[in-house]
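Open the model in your viewer and keep the sequence panel beside it. Each stop below names a selection and says what to look for.

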Amino acid sequence: MPHYLVSFDEGWMNVAEEDVPDVTKAAQEVAQDARDAGVWVFGGGVTAQPATVVAADGSVTDGPFPETKEHIGGFALLDVPDRAEAVRWAARFAAACRCPQEVRELAVDAAD
C-alpha cells in the first residue's frame with residue numbers, strides 16, 4: 001500500500017495553553033485508532049528547534065537557514081490504500097489537533 005505523510009505547520013496550531021492537554025489526548029486517541037486499524041507506521045510531534053544542516057560533502061552546520069517561518073509541528077506516516085483514505089485520517093487529525101493537516105503521498109521505495 002502507499003504511504004502518506006499527514007502533517008501540520010506548527011504555526012497553524014493556535015490552541016490556548018489550557019486546551020493543550022485536551023488536544024494532546026484527542027490526537028493520541030486518533031493515533032491509537034490508526035494503530036488499531038493497522039495503518040499507523042510512525043508519527044509524533046516535532047519540537048521547536050533550529051535544524052542542523054548536513055551538506056552533500058558531509059559537513060554539518062547550524063545554517064544557513066531558509067527564509068521561512070514554517071516548521072512541521074507534528075506528523076503521522078500512514079500505510080493506507082489510497083489518497084481518499086489518507087484524507088479521511090487527516091480530517092480526524094485536523095479535528096483532534098484543531099488545525100489543518102497536509103496530505104502527501106510518499107514516493108515508492110525501489111526495494112518494495
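**Cysteines**

This is a predicted model, and it holds zero disulfides. Select C97 and C99 to see the spacing. The sulfur of C97 lies 5.2 Å from the closest cysteine sulfur, that of C99, which is too far for a bond. The cut-off for a disulfide is 2.5 Å between sulfur atoms. C99, likewise, is in no disulfide, with the sulfur of C97 as the nearest cysteine sulfur. Are these two side chains buried or exposed? C97 is buried, at 5% relative accessibility. C99 is buried too, with a relative accessible area of 5%.

Now pick R98. This residue sits in the loop between α2 and β6. Most residues other than glycine have a negative phi. R98 is partly exposed, at 45% relative accessible area.

**The sheet**

Switch to cartoon and select β2, β5, β1 and β6. These four strands form an open sheet, in the order β2-β5-β1-β6, with antiparallel pairing. Which strands stand at the edges? They are β2 (40-45) and β6 (102-105). Each has a single partner strand, so one side of each is left without a neighbour in the sheet. Look along the sheet for its twist, which averages 15° from one strand to the next.

Zoom in on β1 and β5. The two run antiparallel, and seven bridges join them.

S7 is buried, at 3% relative accessibility. Show what surrounds S7. Beyond residues up to four places away in sequence, S7 touches I72, G74 and F75, and also P100, Q101, E102 and R104.

**The core**

Next, the interior. In soluble globular proteins, nonpolar side chains tend to be buried together. Here the largest nonpolar core has 20 residues. Select W40, L78, V80, W89 and F93, which have the most contacts inside this core. Then colour by element. β1 (3-9), α1 (20-36), β5 (72-79) and α2 (83-97) each supply at least two core residues. Which element gives the most? The answer is α2, with six residues.

Centre on L78 and display its contacts. Leave aside the neighbours within four places in sequence. L78 is then in contact with P2, H3, Y4 and V6, with A34, with V39, W40 and V41, and with W89.

**Aromatic pairs**

Show the rings. A pair of aromatic rings is described by the distance of the centres and the angle of the planes. How many aromatic pairs are there, with ring centres within 6.5 Å? The count comes to two.

Select W40 and F93. Their ring centres are 6.5 Å apart and their planes are at 40°, so the pair is tilted. W40 lies in strand β2 and F93 in helix α2, so this pair ties together parts that are 53 residues apart in sequence. F93 is buried, at 7% relative accessibility.

Move to F42 and F75. The centres of these rings are 5.8 Å apart and the planes are at 45°, so this pair is tilted. F42 is in strand β2 and F75 in strand β5, a link between distant parts of the chain, 33 residues apart. What about the accessibility of F42 and F75? F42 is exposed, with a relative accessible area of 52%. F75 is partly exposed, at 25%.

Select T61, in strand β4 (residues 60-61). T61 is partly exposed, with 36% relative accessible area. Apart from neighbours within four places in sequence, T61 is in contact with T52 and V53. Draw a distance from T61 to A51: the C-alpha atoms are 9.1 Å apart, for 10 residues along the sequence.

Finish at E18, in the loop between β1 and α1. E18 is exposed, at 62% relative accessible area. The C-alpha atoms of E18 and D62 are separated by 33 Å, and the two residues are 44 residues apart along the chain.

Key: Residues numbered from 1 in each chain as written. Predicted model: local features only at pLDDT ≥ 70, side-chain atom pairs only at ≥ 80, totals over all residues. Heavy atoms only, no water. Core = buried A, V, L, I, M, F, W, Y, C linked by side-chain atoms within 4.5 Å. Buried < 20%, exposed > 50% of the residue type's maximum accessible area, 1.4 Å probe, protein only. Contact = heavy atoms within 4.5 Å. Pairing = 2+ DSSP bridges. Axes fitted to C-alpha atoms, helices over the stretch in contact; angles between N-to-C directions. Phe/Tyr/Trp six-rings, centres within 6.5 Å; stacked < 30°, edge-to-face > 60°.
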